[in-house]
Amino acid sequence: MGLTVHTKVEGLPAAQEQALRSLAAIIHAALEHLAQEQEIPDVEVTVVVAGDFASEVRAIVRQQGDGSDAQFSTERIGGVVVGKCIALNDDFSKQLVVIDGTGWIDVDPAAQAQSIASLAHELAHVVLDRARHASGALDGVPANPYNGVDMAREIAKTAAAEFRADLVANAVLRVLAGTSDSDGVTRPLTIYDLCADGHCDELRRTLDAVVHPGWPDTVQRYREHHMTLPQLWEEIASSTGGVFNLLAHGEAHAHAGSASRPLETLRAHRGVELYLGPAWQALEDAITTEAGILPALSATCAYEQHIAEQGGRAILDMWARLGLTVEVDRRDGRFALWVGEPQR
Ligand SMILES: [Zn+2]
């Protein structure tokens, strides 16, 4: 994998810029090694470290992308985005990574550790996406899914990729950074050290604000004619995707730090018990197989399909508990969404 680094951070001291460039090269080399071991083909990567992350991403997708991300915003359910990976060609052999570089203006070890983790996370996406394309896992898969079955599969695969990219980033961070516990014993730094139970706290807030009673209330609003069916579908599909990505980060971070899992801590919440718990568990079981989270290229297609099938099925079952039954006509792909009373 070739690497080019551009820094666009105003006020970045020369020594900091040099440190950042060396780190990017080391992280890149670690990921390149992993990719080669798994026989994943080469990628040319350009890393842009930006002072104004959101406008940089918007400027790049305006030039390069298909326009789908032109309204890019850093806000997501339960957090903000600090890194973005953009494909520059169809087979993903050229990719661009943009990361927020403001943590490098001052010498701040915590901000720099965060920066290492987010760069490793984005470069992990680069490798995962390249493997996914080269393996044939995306053949015949719609780029912008709409029908319920395709959407459930896409949500499962996207959340799985976040979980996997976090764990790859963790493996890199552990090698590059260390920390001391309160008793003075040093050990490798993990992604869990960076925000501890922050994801769990976010998930708790999201459960209350979005999932329960939010999801069944939304379904009920449609049943009482306060919204249209496309509005209901748009809201449930995008909200499910956002919540699953948040869950993926929370579960991966807990995994990395051998800490208690957010879904375990929050298991008594009705939104976990009824909706998220069973769906996430089925997805995580599909992700954490014996082949590991970054299988060899030859095993990638079957692995991705297993995640899409098992995870997608679990999300369809979850929607069914919300009163939403998805029906797709196999012949022409026509999509019906049947709405009944949600379980609460
Ligand atoms: Zn990610």
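Predicted model: local features only at pLDDT ≥ 70, side-chain atom pairs only at ≥ 80, totals over all residues.
Biologist: OK, so what makes the crossing of H4 and H11 right-handed?

Modeller: By that rule the near helix has to be turned clockwise from the far one, and the crossing of H4 and H11 comes out right-handed. The axes of H4 (residues 148–176) and H11 (residues 297–321) come within 7 Å and cross at roughly 115°.

Biologist: Which residues meet there?

Modeller: On H4, among them Ala 152, Ile 155 and Ala 156; on H11, residues including Ile 307, Ala 308 and Gly 311. Contact here means C-beta atoms within 7 Å.

Biologist: How do you know that the protein agrees with a compact globule?

Modeller: For 344 residues the rule puts the radius of gyration near 20 Å, and the protein has 20 Å, so the two agree.

Biologist: And what sits in the largest nonpolar core?

Modeller: That core has 96 residues, with Ala 120 and Leu 123 having the most contacts inside it. H4 gives the largest share, 14 residues.

Biologist: Why do you say the core lies between domain 1 and domain 2?

Modeller: Because domain 1 (3–134) and domain 2 (148–339) both give residues to it. Take Ala 120: beyond its neighbours within four places in sequence, its contacts are Ile 27, Val 168, Ala 169, Val 172 and Leu 173.

Biologist: How much of the protein is buried?

Modeller: 42% of the 344 residues, where buried takes 20 or more other C-beta atoms within 10 Å.

Technical notes: Residues numbered from 1 in each chain as written. Rg over C-alpha atoms; globule rule 2.2 N^0.38 Å. Buried ≥ 20, exposed ≤ 12 C-beta atoms within 10 Å, placed from the backbone. Core = buried A, V, L, I, M, F, W, Y, C linked by C-beta atoms within 7 Å. Helix = DSSP H or I, 4+ residues; strand = E, 2+ residues; numbered from the N terminus. Domains from an automatic or database assignment. Contact = placed C-beta atoms within 7 Å. Axes fitted to C-alpha atoms, helices over the stretch in contact; angles between N-to-C directions.
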